[in-house]
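Have the viewer open and follow along.

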Amino acid sequence: MWETEHPWEAGQPSELQQRPCFTLSGMQRSGNRVSPRILETQGGGDPLDPSITMSPVALSRLLAAAILVLALGDPTAACSCAPQHPQTVFCEADVVIRGKFMGVTPLNSSSNTQKFESWIRYKIKITKTYKGLESQGNGIFIDSLEQETFCGYQHRAPLNGEEYLIMAERQDKHLIISLCSFVRPWGRIPPSQRHGISQAYGQGCACQVVPCEFRPCELLGDAQCLWTDGLLDQSWQGPQAQRLACLPRPSQGVPPGADPFCVWKTLKSRPSRAAICPGLCPLRNTP
């Protein structure tokens, strides 16, 4: 049966109106969440708090401005995503699953404030749950803005095809993904990252991976690990993203509530024999 934990309506996700996923000319995107956030204005204004609820009128004006900027062809209006280490995405995601995209349904707009945006709903068949779902249903629905210019996720691969690793965010009673979400074919996930997803990443959620985009870079605490892949590769898919996790180093005498001392640790590239066939693997012949 399909997941029925969240009684979603057929209309648009209501709370998602508060968090538009697009970049306007003169604004800069950054942040640590899976979906992008607009943090500060280019002109030196006060940062915009993404927790502040936007009124329908304000949202309508913002969306109208986005349409105008896109129509004018400003190259800075395209969606941009802040670099995020897979461990950071895993720890901040509300749901992490492996599954197949089975279907997609348009969500009709039911109000004038949403006439500039359109939503779609993906039907996902779950093959494995790593985080966030307590019930044993084999399917869920995940929503996204349709337009890529608004950072919407477009699934271009065939439906009911290969498995995908999906890290989604829960807002209100809805699960959402965006163009900036971690949604990748399972076959392209390296063994080391698979180990991180199934075991290691969850052990490092008290640590913080800090991207180093420009030198000099510095750490502000013992719980931070400096991520320098972007200095060599702008795709941020270097060895630290592929093969390392920022994990607490075992220590004694740490006061309760104190920050851990975190270091980069190499992820296993192969699962252990016990994980492959617990209690079933034949014993190796020893000379």
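## Disulfides

Searching the whole structure turns up six disulfides; bear in mind that this is a predicted model. As a reminder, a disulfide is a covalent bond between the sulfur atoms of two cysteines.

Start with cysteine 79 and cysteine 151, whose sulfur atoms sit 1.9 Å apart. The link of cysteine 79 and cysteine 151 is right-handed, with 105° about the S-S bond. Cysteine 79 is in the loop between helix H1 (56–72) and helix H2 (86–92), while cysteine 151 is in the loop between E5 and E6, so this pair ties together parts that are 72 residues apart in sequence. Cysteine 79 and cysteine 151 are both buried.

Next up is the disulfide that joins cysteine 212 to cysteine 217, with an S to S distance of 1.6 Å. How is the disulfide of cysteine 212 and cysteine 217 handed, left or right? The torsion about its S-S bond is about 70°, so it's right-handed. Cysteine 217 comes out at 27%, so it counts as partly exposed.

Then there's cysteine 225, joined to cysteine 246 by a disulfide with an S to S distance of 2.1 Å. Here the torsion about the S-S bond is about 75°, so this disulfide is right-handed. The pair links distant parts of the chain, with cysteine 225 in strand E10 (residues 224–227) and cysteine 246 in strand E11 (residues 244–248), 21 residues apart. Cysteine 225 has a relative accessible area of 3%, so it's buried. Cysteine 246 is at 0% relative accessibility and therefore counts as buried.

## Rings on rings

On to the aromatics: a search of the whole structure gives seven aromatic pairs. One of them is phenylalanine 101 with tyrosine 153, and the pair counts as stacked because the ring centres are 5.8 Å apart and the planes are at 25°, where stacked calls for planes under 30 degrees apart. This pair also links distant parts of the chain: phenylalanine 101 is in strand E3 (residues 95–107), and tyrosine 153 is in the loop between strand E5 (139–145) and strand E6 (164–171), 52 residues apart.

Phenylalanine 101 and tyrosine 153 are both buried.

## Charges over rings

Arginine 98 has its charged end over the ring of tryptophan 186, 4.5 Å from the ring's centre. Lysine 131 has its charged end over the ring of phenylalanine 90, 5.3 Å from the centre.

## The largest pocket

How much space lies in the largest pocket? About 340 Å³. Its lining is made up of 18 residues, and Leu179, Cys180, Ser181, Phe182 and Arg184 lie nearest the centre. Sorted by class, that lining has 11 nonpolar, six polar and one charged residues.

## A few single spots

Arginine 215 is in the loop between strand E9 (208–211) and E10. With a relative accessible area of 71%, arginine 215 counts as exposed. Its C-alpha is 9.6 Å from that of threonine 228, and arginine 215 and threonine 228 are 13 residues apart in sequence.

Lastly, cysteine 205 is in the loop between helix H3 (191–203) and E9. Cysteine 205 is partly exposed, at 40% relative accessible area. Cysteine 205 and leucine 247 are 42 residues apart along the chain, and 8.1 Å separates their C-alpha atoms.

Conventions. Residues are numbered from 1 along each chain as its sequence is written. This is a predicted model: local features need pLDDT of at least 70, side-chain atom pairs count only at pLDDT 80 or more; totals for chains, interfaces and linings use all residues. Side-chain values use heavy atoms; hydrogens and water are left out. On a 1 Å grid over the protein atoms alone, a cavity is a set of points where a 1.4 Å probe fits but cannot get out, and a pocket is an open set with protein on both sides within 12 Å along at least five of seven lines; lining residues have an atom within 4 Å of a point. Grid points are joined across faces, edges and corners, and a volume is the space filled by probe spheres set on the points. Ala, Val, Leu, Ile, Met, Phe, Trp, Tyr, Cys and Pro count as nonpolar, Asp, Glu, Lys and Arg as charged, and the others, Gly among them, as polar. Rings of Phe, Tyr and Trp (its six-membered ring) pair if their centres lie within 6.5 Å; planes under 30 degrees apart count as stacked, over 60 as edge-to-face and the rest as tilted. Helices (H or I, at least four residues) and strands (E, at least two) are DSSP runs, numbered from the N terminus. Buried means under 20% relative accessible area, exposed over 50%, partly exposed in between (1.4 Å probe, protein chains only). A charge sits over a ring if NZ of Lys or CZ of Arg is within 6 Å of the ring centre and within 35 degrees of the ring normal. A disulfide is a pair of cysteine sulfur atoms within 2.5 Å.
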